[in-house]
Amino acid sequence: MRRHIRDGRYEQGEDTGDLLEGEAVPGTEREVVALYREPYGPVRWCGAAGLRGLALEEFGPVTEPVPYRGRKGIITYWPVATREQTVVCGSLRQWRLAVELDFEPAWVAFSAGPVELRWRAGGRERRWRPDFVARTSGGVREVLVLKPPSEESLPAARLQVLQAVAQAAGWRVRQVREPSGPRGRNLEWLAGYRFPAGEEDGQGQALLEAFREPTGLRAGVAASGLPELTGLDLAYRMLWQRRLLFDACQPLLPDAVAWTA
């Protein structure tokens, strides 16, 4: 079974299929074709300028990600805390970055691999899906790509293609690393508390009052008058919500210091 492009859509037919390595794509040697899928719609393609204004951060992946050939991989479905959206991550590195994007208020929407770029170089077709497209709280659309391990930047040729597409689409390019060390472990822990839960009257306010000054978590819970387990559970939830703040680069132990936002 193969697919072909028709009227800006990728359609499935008896004798058509995904573009193979080396097979021609629309455009010239220097042009890039972008593939994306609107929610519940067909796969479409366009030139780089056609991406301008598309809310890719609200779209799903072009196709379901698969593990790297010959390697074990983990596909993770990440329900976003603040939106009715599930982000499909094709690797643990993507998942770790999704946790950070969900935690940081600088980004209000994001999706993993919602666009695939295809171009020709050296007589062969190249294809690549940047890791994330995200929208900032200021309304700027960013494409975020994970730096290769032990490298400071993407390969120059790939970065050049991405920057050209970003300029035409009105995006900002950001190369990042997934959170690691204490910060990464802290975010993974707090992510279990990312969904709102009911509070009895006065519990949240009691914690906010107890942490007016920087205080250890257990000491603050004790000062609030709440039972220890109930208070710690609510405190972790408030740390994710940023109603309480803490040093994310220090281990988030029960005696870690927190304070009211």
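Student: What is known of how helix H2 (residues 156-169) lies, and across which strands?
Tutor: In this predicted model, helix H2 lies across S11 and S12, and its direction is at about 145 degrees to S12.

Student: What makes S7 and S12 the edge strands of their sheet?
Tutor: The sheet is open and has four strands, ordered S7-S10-S11-S12, with mixed pairing. Strand S7 (107-112) and strand S12 (172-176) each pair on one side only, and they are the edge strands. Between neighbouring strands of this sheet the average turn is 25 degrees, direction ignored.

Student: How do you know that S7 and strand S10 (residues 132-136) pair, and in which sense?
Tutor: A pair of strands requires at least two bridges. S7 and S10 share five bridges, in the antiparallel sense. As one example, alanine 109 has arginine 135 in S10 as its bridge partner. Helix H1 (residues 92-103) lies across S7, S10, strand S11 (141-146) and S12, and runs at about 165 degrees to S7.

Student: Why is the meeting of glutamate 57 and arginine 135 called a salt bridge?
Tutor: The limit is 4 Å between a side-chain nitrogen of Lys or Arg and a carboxyl oxygen of Asp or Glu. For this pair the N to O distance is 2.5 Å, so the contact qualifies as a salt bridge. The structure holds 21 salt bridges.

Student: What does the pair of glutamate 57 and arginine 135 tie together?
Tutor: Glutamate 57 is in the loop between strand S4 (43-47) and strand S5 (76-79), whereas arginine 135 is in strand S10; the pair therefore joins parts that are 78 residues apart in sequence.

Student: Why are H4 and H5 called oblique to each other?
Tutor: Helix H4 (residues 203-210) and helix H5 (residues 217-224) pack at about 120 degrees, with axes 8 Å apart. The range for roughly perpendicular is 65 to 115 and roughly antiparallel begins over 145; H4 and H5 are therefore oblique. H4 passes H5 in a right-handed crossing.

Student: Which residues make the contact of H4 with H5, and of which classes are they?
Tutor: Ala206, Leu207 and Ala210 in H4 meet Gly220, Val221, Ala223 and Ser224 in H5. By class, this contact has five nonpolar, two polar and no charged residues.

Student: What makes S13 and S14 edge strands?
Tutor: Their open sheet has three strands in the order S13-S15-S14, with antiparallel pairing. Strand S13 (215-216) and strand S14 (244-246) each have a single partner strand, so one side of each lacks a neighbour in the sheet. S14 pairs with strand S15 (residues 257-260) over three bridges, and leucine 245 stands opposite tryptophan 259 in S15.

Definitions and conventions: Residues numbered from 1 in each chain as written. Predicted model: local features only at pLDDT ≥ 70, side-chain atom pairs only at ≥ 80, totals over all residues. Heavy atoms only, no water. Helix = DSSP H or I, 4+ residues; strand = E, 2+ residues; numbered from the N terminus. Axes fitted to C-alpha atoms, helices over the stretch in contact; angles between N-to-C directions. Contact = heavy atoms within 4.5 Å. Parallel < 35°, antiparallel > 145°, perpendicular 65-115°, else oblique. Left-handed = near helix turned anticlockwise from the far one by under 90°. Nonpolar A, V, L, I, M, F, W, Y, C, P; charged D, E, K, R; others polar.
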